[in-house]
Amino acid sequence: MNARLGFFFIIFSSYVIAYPVIQEKQYEVIIVPTFLVTIFLILLGVILWLFIREQRTQQQRPGPRDIAPVPPSRDLSWEAAGHGGNVALPLKETSVENFLGATPALAKLQVPREQLSEVLEQICNGSYGPILRANMNTGDASKPKSVILKALKEPAGLHEVQDFLGRIQFHQYLGKHKNLVQLEGCCTEQLPLYMVLEDVAHGDLLNFLWTCRRDVMTMDGLLYDLTEKQVYHIGKQVLLALEFLQDKHLFHGDVAARNILIQSDLTAKLCGLGLAYEVYTRGAISSTQTIPLKWLAPERLLLKPAGIRADVWSFGILLYEMVTLGAPPYPEVPPASILQHLQKRKIMKRPSSCTRTMYGIMKSCWCWREAGRPSPRELRLRLEVAIKTADDKAVLQVPELVVPELYAAVAGIRVESLFYNYSML
């Protein structure tokens, strides 16, 4: 726009300079420049009017936003949710039916509500609603199956319904894997809406590790004596789950003992797949998700794009958790100072209960550069070699019992998230 003004000013100046001064006819000296000035002012007014109109048009256009809007869940009708916002309207059954009409695949997952005979207990309140334990009839009245019901709270916005159904579809997309918490089905034909998940009754690995500190041999059929070989055994299963996610171009985002459920035969099941769902729908983890800092790789702390090798860093922290029977990482470093600590290239020292072989594996996970860390498959192969010579006799022992509130303060984590972490499924 400034270039246009300069152009017309040069034209006007050339006319004024080139125009001869006629002394004989003074009226020509007055009229002709006045005519030229009038034309120039008219052109200038038109240019200024065009400039102002263009500025107003640009102001009315939506500018770039700091956070990208939430994209639709795959195969769900985004238009049904209005403009994509969280419409604060009471949820009606017709709304749910509309969503189900757009996702016929969910019909195959429906569990008849009469099969859910009774709610045994409420485990916790998740981000979408209560997390419940219930019995599901299997056809044999003497053998009901314990399941977890993740309920959608009411009243819910249409966007919340869509996202809830999207998470069910995400589990369907993942399919079956023995080291991931399995989807048993859903109840979404009428209110209330439920995601039905398998129940791993012995709970999360972190609480299992804390129980191992007590003087107990077995309880509820679960052996509470952990050896170095069993640490490798559990670690290998977690890596198999990470390999599975990597094959689907996903990563977990929060690998930690609190996000692993344990069965009586020490089968490990990775849960807490909420961040993997974000990667599936957005291609990245949103800035609104808060993960305990001490488990995060440097690139995550620096808010850089991350991938599966960030999970490998966290896996090294998981090995530390297991070999110390649930100690918080970096106990001498305040959570808010962890990035500065890592920027000095400092890592955790070898615990007294940790062999040099295991510590070498940990250190390979804690390479500052992503490219310097092994892939989940490479790491699993290293564990398979180490397990052949690992000690299967000496039981890991830590005399101090854990106070959850103190642990939470040192680890930089909420106390409520330490028990049965089904809330981020």
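Q: Which residues of α11 are buried?
A: This is a predicted model, in which local features need pLDDT of at least 70, side-chain atom pairs count only at pLDDT 80 or more, and totals for chains, interfaces and linings use all residues. Residues are numbered from 1 along each chain as its sequence is written, and side-chain values use heavy atoms, with hydrogens and water left out. Buried means under 20% relative accessible area, exposed over 50% and partly exposed in between, with a 1.4 Å probe and protein chains only. In α11 the buried residues are Met358, Tyr359, Ile361, Met362, Ser364 and Cys365.

Q: What covers the buried residues of α11?
A: Helices (H or I, at least four residues) and strands (E, at least two) are DSSP runs, numbered from the N terminus. The cover over the buried residues of α11 includes α6, α9 and α12.

Q: How are α9 and α11 oriented to each other?
A: Two packed helices are described by the angle between their axes and the distance between the axes. Axes are lines fitted to C-alpha atoms, for helices over the stretch in contact, and angles run from 0 to 180 degrees between N-to-C directions. Helix α9 (residues 308-323) packs on helix α11 (residues 356-365) at about 150°, with the axes 7 Å apart. Angles under 35 degrees count as roughly parallel, over 145 as roughly antiparallel, 65 to 115 as roughly perpendicular and the rest as oblique, so α9 and α11 are roughly antiparallel.

Q: How many charged residues does the contact of α9 with α11 have?
A: Contact means heavy atoms within 4.5 Å. On the α9 side, the contact is made by Val312, Trp313, Phe315, Gly316, Leu319, Tyr320 and Val323, and on the α11 side by Met358, Ile361, Met362 and Cys365. Ala, Val, Leu, Ile, Met, Phe, Trp, Tyr, Cys and Pro count as nonpolar, Asp, Glu, Lys and Arg as charged, and the others, Gly among them, as polar. By class, the contact of α9 with α11 has ten nonpolar residues, one polar and no charged.

Q: Which orientation does α6 have to α12?
A: Helix α6 (residues 228-247) and helix α12 (residues 376-387) have axes 9 Å apart and pack at an angle of about 160°. That angle makes α6 and α12 roughly antiparallel.

Q: How do the residues of the contact of α6 with α12 divide by class?
A: Among the contact residues are Lys229, Tyr232 and Glu243 of α6 and Arg377, Leu383 and Ile387 of α12. The contact of α6 with α12 divides into nine nonpolar, three polar and six charged.

Q: What do the buried residues of α5 pack against?
A: Helix α5 (residues 205-212) is mostly covered, with eight of its eight residues buried. Among them are Phe208 and Trp210. The buried residues of α5 pack against β6 (218-219), β7 (222-223), α6, β8, α9 and α13 (404-411).

Q: Is Phe251 buried or exposed?
A: Phe251 lies in the loop between α6 and β8 (260-262). Beyond four places in sequence, its contacts include Leu245, Val279, Ile285 and Ile308. Its relative accessibility is 8%, so Phe251 counts as buried.

Q: Which residues does His177 touch, not counting residues up to four places away in sequence?
A: His177 is in the loop between α4 (158-174) and β4 (183-187). At 16% relative accessibility, His177 counts as buried. His177 touches Gln182, Leu240, Ala241, Phe244 and Lys269.
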